[in-house]
Amino acid sequence: MYLVSAFHNLQELRHSASLANKVFIQRDYTDGTVCKFQTKFPSELDSRIERTLFEDTVKTLNNYYAEAEKIGGQSYLEGCLACLTVYLIFLCIETRYEKVLKKISRYIQEQNEKVYAPRGLLITDPIERGMRVIEISVYEDRGSSGSSSGSSTTSSSGR
Amino acid sequence: MSAVMITRKVTRKWEKLPGKNTFCCDGRVMMARQKGVFYLTLFLIVGTCSLFFAFECPYLAVHLSPAIPVFAVLLFVFVVAMLLRTSFSDPGVLPRALPEEANFIEMEIEAANGNVMAGQRPPPRIKNVQINNQIVKLKYCYTCKIFRPPRASHCSICDNCVDRFDHHCPWVGNCVGKRNYRYFYLFTLSLSLLTIYIFAFNIVHVVLRSVDSGFMNTLKETPGTVLEVLVCFFTLWSVVGLTGFHTYLISLNQTTNEDIKGSWSGKNRVQNPYSHKNFIKNCCEVLCGPTYPSVLDRRGVMLEDSTRPTPSDASAASTYKSTNPVSQTTKSSAPLIPNEHTPEEAKPSIGAGTQKSTSSPKEEKPPSPTSPNAVAPAVIKESAH
């Protein structure tokens with residue numbers, strides 16, 4: 001069981017925790033230049049989060065990006081329509097990619113609130129890092145008492 | 001918390017972007033520094049078309065069909081729109097690594113290289129990845145401090161890594177990369193059509209008028225014709241040839257950069273892992289693929305320490321990142337190898353590069369001839385303690 005205390009609220013996370021480390025999940029190029037991230041579980045997060053939760057997050061993100069970059073009927077339609085209107089249509093409507101990026105942003109925020117912040121972690125949206133990496137910031141409790149950081153790690157290593 | 005001041009003038013991110021781009025309209029427009037040739041391109045297109053509308057169109061509209069000038073106008077608008085779109089948009093610039101990411105990569109490299117013996121140069125920074133069952137080498141960019149994604153390349157003129165880098169085109173005053181390649185192609189294609197159109201109707205016009213008034217009189221009545229024919233004649237050869245070349249590249253899903261370097265040619269070389277081996281599919285991917293977003297966020301507001309973070313539509317994570325000062329306890333004991341390829345060093349290559357003519361590919365003159373020697377002493381010195 002994880003100790004869900006001061007990390008419940010993202011605001012409290014900022015005030016009470018200090019940044020200890022950053023883990024960078026790299027891109028996976030095995031399928032070409034499509035945006036896809038490696039699902040390999042980094043060892044630095046071993047004690048902080050379950051492997052399955054992490055993999056689920058990355059796989060969901062990969063699915064979102066695959067949806068955004070899918071080349072099919074809808075992308076052809078969008079491309080042809082845009083070309084015919086000399087790309088002025090993008091002043092009025094959002095591209096499919098932009099729509100999916102907004103979904104991704106909401107998903108990351110939701111994951112941060114529900115899954116990562118309670119474990120002292122924070123995911124940065126890859127778009128802010130040039131779609132190169134998923135940056136996961138690892139926070140450690142500054143601790144109101146000296147032993148609190150110790151206690152959080154011992155309790156988290158329980159599972 | 002110390003008292004925070006809200007500065008009246010916001011600093012947008014484009015003002016602090018490294019690289020040698022110029023920005024206009026508060027970050028909405030992004031171009032290379034040297035824009036002279038771009039103005040020439042614009043002048044030639046607008047000038048020639050103006051002459052066409054002034055001299056030929058009235059005659060042709062009356063004697064042949066009013067559809068001729070109408071179609072010319074549509075084509076002209078399309079050409080200029082594509083040119084502006086190519087020139088003003090972000091070609092797919094990859095932002096440089098922030099210090100933590102750069103450190104992380106350095107640590108990975110150090111771990112992969114192991115101990116470097118004194119006097120030996122460290123191995124080149126290359127990562128091998130398997131793409132569609134082919135081994136592709138990813139090179140490390142010393143300027144941007146990242147391993148370049150496949151098909152990305154560093155443009156020495158703009159001093160940026162560009163995704164799916166095709167070439168730096170002085171005629172459009174910008175790099176051609178993933179985000180603006182299709183606009184560039186449509187520009188060359190439509191310009192070819194426009195040139196052929198104007199050339200053809202100039203001939204038609206001269207012929208028709210000569211029948212009535214004689215050849216010399218025709219030239220005297222419409223002096224613009226001569227100029228137009230001259231411009232079109234020279235443009236035809238270059239632009240139509242370029243369009244043909246890019247059509248060939250698209251059908252193979254290759255970039256100019258790869259073609260010049262011969263990345264996928266030759267028996268011993270890797271076959272192009274990005275090609276679908278189908279002409280139609282390759283064309284569709286390049287021309288009708290998704291419109292990639294810019295990852296630069298040029299118009300985002302800079303969050304400085306003295307200002308209250310302004311809410312942007314980024315997620316909560318970004319406000320965290322901003323309020324955490326960079327000097328954090330990132331556990332990096334590995335020394336950072338200094339960047340020996342400074343912008344000052346790149347200047348001579350830029351000076352030489354701009355003298356080159358149409359759309360010759362430009363990329364970072366690789367620092368590899370000098371860098372291993374430069375790096376080795378630095379590495380040895382650092383690892384000695």
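Predicted model: local features only at pLDDT ≥ 70, side-chain atom pairs only at ≥ 80, totals over all residues.
Are B:Y140 and B:Y142 buried or exposed? Both are buried.

**Aromatic pairs**

Across all chains, 18 aromatic pairs are counted. B:Y140 and B:Y142 form one of them: the ring centres lie 5.2 Å apart and the planes meet at 85 degrees, so this pair is edge-to-face. The cut-off for that label is an angle over 60 degrees. B:F233 and B:F234 also pair edge-to-face. The table sets out the two pairs.

| Pair | Centre to centre | Angle between planes |
|---|---|---|
| B:Y140 and B:Y142 | 5.2 Å | 85 degrees |
| B:F233 and B:F234 | 5.7 Å | 80 degrees |

B:F234 has a relative accessible area of 55%, so it counts as exposed. By contrast, B:Y140 and B:Y142 are both buried.

**Charges over rings**

B:R125 lies over the face of its ring, at 4.6 Å from the ring centre. Chain B holds a lysine case too. Here B:K178 lies over the face of B:Y292, and the distance to the ring centre is 4.2 Å.

**A sheet in chain B**

Which strands form the open sheet, and in what order? Three strands of chain B do, in the order β3-β8-β7, with antiparallel pairing. Strands of a sheet pair through backbone hydrogen bonds. The edges are β3 (93–94) and β7 (153–155) of chain B, and each of these pairs on one side only. Strand β8 of chain B covers residues 160–162, and it pairs with β3(B) over 2 bridges. Within β8(B), B:C161 stands opposite B:L94.

**Where the chains meet**

How many residues of chain A are in contact with chain B? The count is 43 residues of chain A, against 48 residues of chain B. Together the chains bury about 4100 Å² between them. Carbon and sulfur atoms account for 63% of that area. On the chain A side, A:Y29, A:Y87 and A:R132 lose the most area to chain B. Together they make up 18% of what that side buries.

**An annotated span in chain A**

An unreviewed UniProt entry annotates residues 23–135 of chain A as "domain: Golgin subfamily A member 7/ERF4". This span is 45% helix and 8% strand. Its end C-alpha atoms lie 6 Å apart.

Note on methods:
Residues numbered from 1 in each chain as written. Chains lettered and ligands numbered in written order. Heavy atoms only, no water. UniProt positions renumbered as here; feature names shortened; annotations may be inferred. Helix = DSSP H or I, 4+ residues; strand = E, 2+ residues; numbered from the N terminus. Phe/Tyr/Trp six-rings, centres within 6.5 Å; stacked < 30°, edge-to-face > 60°. Buried < 20%, exposed > 50% of the residue type's maximum accessible area, 1.4 Å probe, protein only. Lys NZ or Arg CZ within 6 Å of the ring centre and 35° of its normal. Pairing = 2+ DSSP bridges. Contact = heavy atoms within 4.5 Å. Buried area = accessible area lost by both parts, 1.4 Å probe.
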